[in-house]
Amino acid sequence: MLKEYTLSNLLSIFPTNIAYYANRLETMKTPEWPHRRAFYSIIWFTHGEGSQVIDFIEYQIIPGRIFLINPEQINKGIYSRNSKGYILLFSKSLASS
């Protein structure tokens, strides 16, 4: 069974009932591969290269590209060290409000 991360798993400095998180991409640590998330992710790349694997399909990272990742999708980011951008994570309950 694949590990499924919650927002509080990835952001252990916050309380367990966090509904969203927004920050610069370079502040995030990438979880182990393969994994699922129990929340939505929007990732916008402004600089760098690499790939984003979503449901075993590999997409190239180019500046200006935005990835939308739904809960339960299997994913992994493979980013260059110089990758920059923004990330927005939000819970399923916030999306259905």
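Trainee: How many bridges join β4 to strand β7?

Mentor: Start with the general idea: strands are DSSP runs of E with at least two residues, helices are runs of H or I with at least four, and both are numbered from the N terminus. Two strands pair if DSSP finds at least two bridges between them. In this structure, four bridges join β4 to β7 (residues 66-69), and these strands run antiparallel. On this pairing, Ile42 stands opposite Leu68 in β7. Keep in mind that the model is predicted: local features need pLDDT of at least 70, side-chain atom pairs count only at pLDDT 80 or more, and totals for chains, interfaces and linings use all residues. Residues are numbered from 1 along each chain as its sequence is written, and side-chain values use heavy atoms, leaving out hydrogens and water.

Trainee: Which residue stands opposite Lys84 in β9?

Mentor: That's His47. Strand β4 (residues 39-47) pairs with β9 (residues 84-91) over eight bridges, in the antiparallel sense. Strand β9 also has antiparallel bridges to β2, five of them. Look at Tyr21 there: the bridge partner of Tyr21 is Leu89 in β9.

Trainee: In what order do the four strands form the open sheet?

Mentor: Read it as β2-β9-β4-β7, with antiparallel pairing. The edges are β2 (20-24) and β7; each has a single partner strand, so one side of each lacks a neighbour in the sheet. From one strand to the next, the twist averages 10°; axes are lines fitted to C-alpha atoms (for helices, over the stretch in contact), and angles run from 0 to 180 degrees between N-to-C directions.

Trainee: Is Ile42 buried, exposed or partly exposed?

Mentor: Use the cut-offs: buried is under 20% relative accessible area, exposed is over 50%, and partly exposed lies in between (1.4 Å probe, protein chains only). Ile42 has 29%, so Ile42 is partly exposed. Ile42 sits in β4. Contact means heavy atoms within 4.5 Å. Leaving aside neighbours within four places in sequence, Ile42 is in contact with several residues, including Leu68, Tyr86 and Phe90. Check Tyr86 yourself: Ile42 and Tyr86 are 44 residues apart in sequence and 8.2 Å apart in space, C-alpha to C-alpha.

Trainee: Which residues have the most contacts inside the largest nonpolar core?

Mentor: A nonpolar core is a set of buried Ala, Val, Leu, Ile, Met, Phe, Trp, Tyr and Cys residues joined through side-chain atoms within 4.5 Å. In soluble globular proteins, nonpolar side chains tend to be buried together. Here, the largest core has 14 residues, and Ile43, Phe45, Phe67, Ile87 and Leu89 have the most contacts inside it. At least two residues of this core come from each of β4, β7 and β9, and β4 gives the largest share, three residues. Not counting residues up to four places away in sequence, Ile43 touches Leu25, Phe67, Tyr79 and Ile87, among others.

Trainee: What joins the side chains of Ser51 and Glu58?

Mentor: A polar contact of 3.0 Å. Such a contact is a pair of N or O atoms within 3.5 Å; within protein, one must be able to donate a hydrogen and the other to accept it, and residues adjacent in sequence count only if both atoms are side-chain atoms. Ser51 lies in β5 (residues 50-54), and Ser51 counts as buried because its relative accessibility is 3%.
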